Amino acid sequence: MEPSCAQFLEKKTVLITGASGFLAKVFVERILRLQPKVRRLYLLVRASDNKAAKQRLHNEVFEKELFRVLRKNVGDESLSALISEKVVPVPGDISLNNMGVSDFNLLQDMMQEIEIIVNSAATTRFDERYDVALGINTFGPLNILNFAKKCVKPQLLLHVSTAYVCGERSGLIVEKPFAMGETLNGKNKVDIDVEMRLVDQKLKQLKKLGYSEEETKQAMKDLGLKRAKLYGWPNTYVFTKAMGEMLLGHCRESMPIVIIRPTIITSTFSDPFPGWIEGIKTIDSVIVSFGKGLLKCFLVDHMAVCDLIPVDMVANAMIVTAAEHSRESGSHTIYHVGSSYRNPVMYKQIYEILNRFFMESPLLGRNGLPVVPNVTILSTMARFRVYTSIRYKLPLQILRLLRLIFPSQIGEKYEVHNRRFNKAMRMVKLYKPYVIFKGIFDDRNLERLRIKNEGTEIDRLIGSIKCIDWEDYFMNIHIRGLITHVLKR
């Protein structure tokens with residue numbers, strides 16, 4: 001990376017929220033390896049106290065294999081000393097005022113020292129409870145902005161959003177900020193305060209009616225999906241993230257704001273080493289189910305572009321854009337970080353790659369025999385409904401009739417299969433906007449930044465997305481990373 005980025009980070013004090021998350025820990029590792037002379041990293045995680053926050057960072061961040069290169073470079077003792085010197089654990093909750101930081105002295109130190117604020121905290125469940133998603137994804141960024149305004153020397157607030165705040169738009173999607181109250185379907189403006197009051201009223205109503213915790217949870221999930229679709233978004237996650245962006249843009253005043261909108265984040269491409277990933281991400285649940293032979297049919301448009309971006313490239317873009325826009329009073333810049341515009345890969349290609357990989361390197365089933373995937377691909381929702389009705393729903397209806405005749409033998413079997421079917425259909429509805437997505441994400445702001453730094457490390461870094469060979473990446477990096485780091489095989 002260009003020396004100016006390392007110079008930018010030297011002696012900087014940075015706050016990073018959601019520090020235990022996948023992207024955030026890659027970002028933290030990148031900073032420590034790129035610039036060990038960073039002054040301080042305040043890492044905010046949800047925890048009851050400082051001891052719990054420190055323990056959580058130790059277990060969920062610094063002990064991860066992600067840090068093996070840094071550990072090898074400096075040694076165990078030196079890395080421990082570096083973390084002890086540079087990292088300050090912060091127990092908190094971004095859905096609360098002052099980010100839930102209750103330690104007065106710690107809060108005062110943060111306000112005096114912090115220059116760069118990076119918000120990567122989010123709940124990413126598509127059908128999250130509406131009250132939870134509003135608290136974290138919508139009002140969380142506002143709470144962080146309000147904290148940033150109280151800081152003595154703030155230079156930038158960088159907020160990680162998602163490219164899919166665009167909803168189900170098609171064609172070229174530009175890097176445009178949301179206006180306050182803007183909706184995707186052009187209907188009545190969304191009033192965020194009204195949405196919060198609606199949530200409060202709904203919770204009081206459910207409590208009055210004596211709903212159980214599980215029933216309340218489902219009711220709040222349903223409310224979130226209902227409100228999202230009312231205004232043109234496909235799910236609660238992207239709706240609440242869009243409203244979070246609105247609040248940042250509307251309330252920023254002179255605070256420089258950078259909003260990073262990554263697409264589908266995947267395993268590391270090269271940095272600190274290829275293939276590191278943690279947990280099952282959006283597309284990975286399909287890959288793993290495919291390899292295990294659990295995926296029997298799938299809704300996807302073969303010719304649609306699947307916009308993927310390795311996590312290390314997102315982390316690098318965050319550092320580059322922070323260096324570019326710090327101290328730009330009142331600026332508000334959006335960056336798409338993805339691949340669909342400059343190096344697209346279609347679902348058809350991914351399907352063919354998965355077939356080849358698992359034919360050549362099959363996973364073993366519980367019986368110890370190689371699994372042979374056999375997936376039926378359906379390109380439209382209409383075809384998917386017809387197929388599932390014949391293949392699954394009709395047998396379920398027969399099972400339901402048999403349950404009336406043989407309740408003791410068939411009853412439990414029917415309930416199990418019915419729950420599985422309903423859960424699968426719910427997941428298909430949630431994923432549908434992405435597997436038949438027709439949009440291409442324009443990334444001209446990142447391209448302008450590359451051209452501005454032509455011939456430098458920044459140029460090669462930002463331009464590297466064009467150099468990804470997707471077949472090689474899936475065959476030799478991503479799927480193997482999933483098998484090694486997630487399936488532990």
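**Close-up views of a predicted model**

**View 1. Helix α12, checked end to end.** Just after α12 comes R327, which takes a positive phi of about 75°.

**View 2. Helices α8 and α9, packed together.** Two packed helices are described by the angle between their axes and the distance between the axes. Here, helix α8 (residues 192-208) packs with helix α9 (residues 213-230) at an angle of about 150°, and their axes are 11 Å apart. Angles over 145 degrees count as roughly antiparallel, so that is how α8 and α9 run relative to each other. The crossing of α8 past α9 is right-handed. On the α8 side, the contact is made by E195, L198, V199, K202, L203 and L206, while α9 brings T216, A219, M220, L223 and R227. What kinds of residues meet in this contact of α8 with α9? There are seven nonpolar, one polar and three charged.

**View 3. K149 and its surroundings.** Now find K149, which lies in helix α7 (residues 130-150). K149 is partly exposed, with a relative accessible area of 33%. Which residues does K149 touch, leaving aside those up to four places away in sequence? They are C251, R252, E253 and M255. As for D76, K149 is 73 residues from it in sequence and 38 Å from it in space, C-alpha to C-alpha.

Technical notes: Residues are numbered from 1 along each chain as its sequence is written. This is a predicted model: local features need pLDDT of at least 70, side-chain atom pairs count only at pLDDT 80 or more; totals for chains, interfaces and linings use all residues. Side-chain values use heavy atoms; hydrogens and water are left out. Axes are lines fitted to C-alpha atoms, for helices over the stretch in contact, and angles run from 0 to 180 degrees between N-to-C directions. Helices (H or I, at least four residues) and strands (E, at least two) are DSSP runs, numbered from the N terminus. Angles under 35 degrees count as roughly parallel, over 145 as roughly antiparallel, 65 to 115 as roughly perpendicular and the rest as oblique. A crossing is left-handed if the near helix is turned anticlockwise from the far one by less than a right angle, and right-handed if clockwise. Contact means heavy atoms within 4.5 Å. Ala, Val, Leu, Ile, Met, Phe, Trp, Tyr, Cys and Pro count as nonpolar, Asp, Glu, Lys and Arg as charged, and the others, Gly among them, as polar. Buried means under 20% relative accessible area, exposed over 50%, partly exposed in between (1.4 Å probe, protein chains only).
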